[in-house]
Amino acid sequence: MFNKIKPNVNSSAAQKIVDIAKGIEGSIDPNMAECQQNDSLTSAAKKYDNQEVSVEPIGDAFPINHADGSEDVYQSAIGTIEEDGFDAIAFYKSFRFINTDPAPGYWGIFYIKNRVQTLVSEMSFDTGIQKNICLDTVLRFLYGHEIYHYKVDALCLQKEATSNNLIYRPYRNYVNQLSVTDWFEESVANYYGLSNLNSFFDRTTGFSYDCSSELKEYIKNLISLSPGAYSLGLDQSVLLKLGPRGHLANQITIGKNSISPTSALSIQLFEDVIYKQLLLDGFKDFTGDSFLVNDLALKNCPVNFISWFRNGSVVPSLTTIPLREMKEGFIKNYLNGKLDRVTDHEYYIIDNGETIKLPNSHDKDIRIYEFKNILDKAGIKKIDFWQQRNLTNRWKKNVPRSKFDGS
Ligand SMILES: [Zn+2]
């Protein structure tokens, strides 16, 4: 039996959080209500066009895309994660910025509908596991990741109430100026998401969950090919020592310090408290987290689908592979392809003896069926393609691949 993929969200509880935050921030700095800059978003979420946005509450069933569309250009959610991390698939928007873009009037967790659907298709294709099971895993992981961003936000609000200092906005503003290698909140968020895939049975609530080890491994591979600090967080021992969690506590404290200088001792104490509270579960059955007051319980964070449209089509689109890269990089460099013959197409013989027919170059990017054929000949999965693309710095380093064993 699967656990639910979302809590039953109570909209008056979600609105109450907005009002509490307004009260606390307003009493510290009356100008806060007018501030329109949304610092809770990562750069991946900021990229989105806010024209023609549609937000829908997440129901009990998620529409899985069954259309094959093999003539279409191959668009990859894995490739998008490689470029921008998991926040390009789902993102968190703070209750403090409810009236700003994207989706004014809404806050919380947003699953980007077409990107989730694409990721589920790629995962199911690679593993042969049913789409609805892949979907369950993806949504559970994403929920764990994004609810962690809410937890940091809510913890900061609690500290603001007692310290009379703004903490979250200066912290986010500070981190947004750093490069992706220093976004430690993302490392811990990925770790939190992975923890959400741990098997459990809860006698009190009757919830049980058991994730397939193959799918968990798949998610770990996605984390490892993510950029910068997103790729950390796979190793618990790194997190428990002074790894990303320690750095995160430090960054939150730096934000506080930049607004109002405080004594070194109180900074140290504050950092210790934040550090202790940055992990700990509570998300499994959506009951909350022991460090958060009831009003700020994890289950009160809303969860939505979001889609963008431009001229009737869904945007933003996903990462594609230029035909030129397939030929010059993947086939010639990585697979050590040698031109065999030219008819109306070019044919290459690759390292395992297979022959690859190169698509005509009237398209800029490779199509779904062409991509699938080439990967079949090369004997690798989509996730391997993206992982190797990352490891070889787009087919330039450590190429051709080491001796192909044909297995
Ligand atoms: Zn994130």
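Predicted model: local features only at pLDDT ≥ 70, side-chain atom pairs only at ≥ 80, totals over all residues.

Visitor: Okay, and which strand pairs with S3 in the antiparallel sense?
Guide: That is strand S2, residues 90-93, which is joined to S3 over 4 bridges. As one example of this pairing, Ala-90 has Tyr-111 in S3 as its bridge partner.

Visitor: And which strand pairs with S3 in the parallel sense?
Guide: Strand S6, residues 303-310, does so, and this pairing also runs over 4 bridges. Here the bridge partner of Phe-110 is Asn-304, which belongs to S6.

Visitor: What is Asn-114 in contact with?
Guide: If its neighbours within four places in sequence are left aside, Asn-114 is in contact with Ser-307 and Val-314. Leu-318, which is 204 residues away from Asn-114 in sequence, is 9.2 Å from it in space, C-alpha to C-alpha.

Visitor: Let's look at helix H8. Which of its residues are buried?
Guide: In H8 the buried residues are Leu-215, Tyr-218, Ile-219, Leu-222 and Ile-223. Seen down the helix axis, the buried residues of H8 fall within an arc of 145 degrees, so they line one face of the helix. On the other side of H8, Ser-213 and Glu-217 are exposed.

Visitor: What do the buried ones pack against?
Guide: The buried residues of H8 pack against several helices, among them H3 (77-84), H4 (113-127) and H5 (131-163). Helix H7 (184-195) and helix H14 (382-391) are also included in that packing.

Visitor: One more: in what order do strands S8, S9 and S10 form their sheet?
Guide: These 3 strands form an open sheet in the order S8-S9-S10, with antiparallel pairing. Strand S8 (338-342) and strand S10 (355-357) stand at the edges with a single partner strand each, so one side of each is left without a neighbour in the sheet. Neighbouring strands in this sheet are turned by 30 degrees against each other on average, direction ignored.

Visitor: How many bridges join S9 to S10?
Guide: There are 3 bridges between S10 and strand S9, residues 346-349, and in one of these pairings Tyr-348 has Ile-356 in S10 as its bridge partner.

Methods: Residues numbered from 1 in each chain as written. Pairing = 2+ DSSP bridges. Helix = DSSP H or I, 4+ residues; strand = E, 2+ residues; numbered from the N terminus. Axes fitted to C-alpha atoms, helices over the stretch in contact; angles between N-to-C directions. Buried ≥ 20, exposed ≤ 12 C-beta atoms within 10 Å, placed from the backbone. Arc of directions from axis to C-beta. Contact = placed C-beta atoms within 7 Å.
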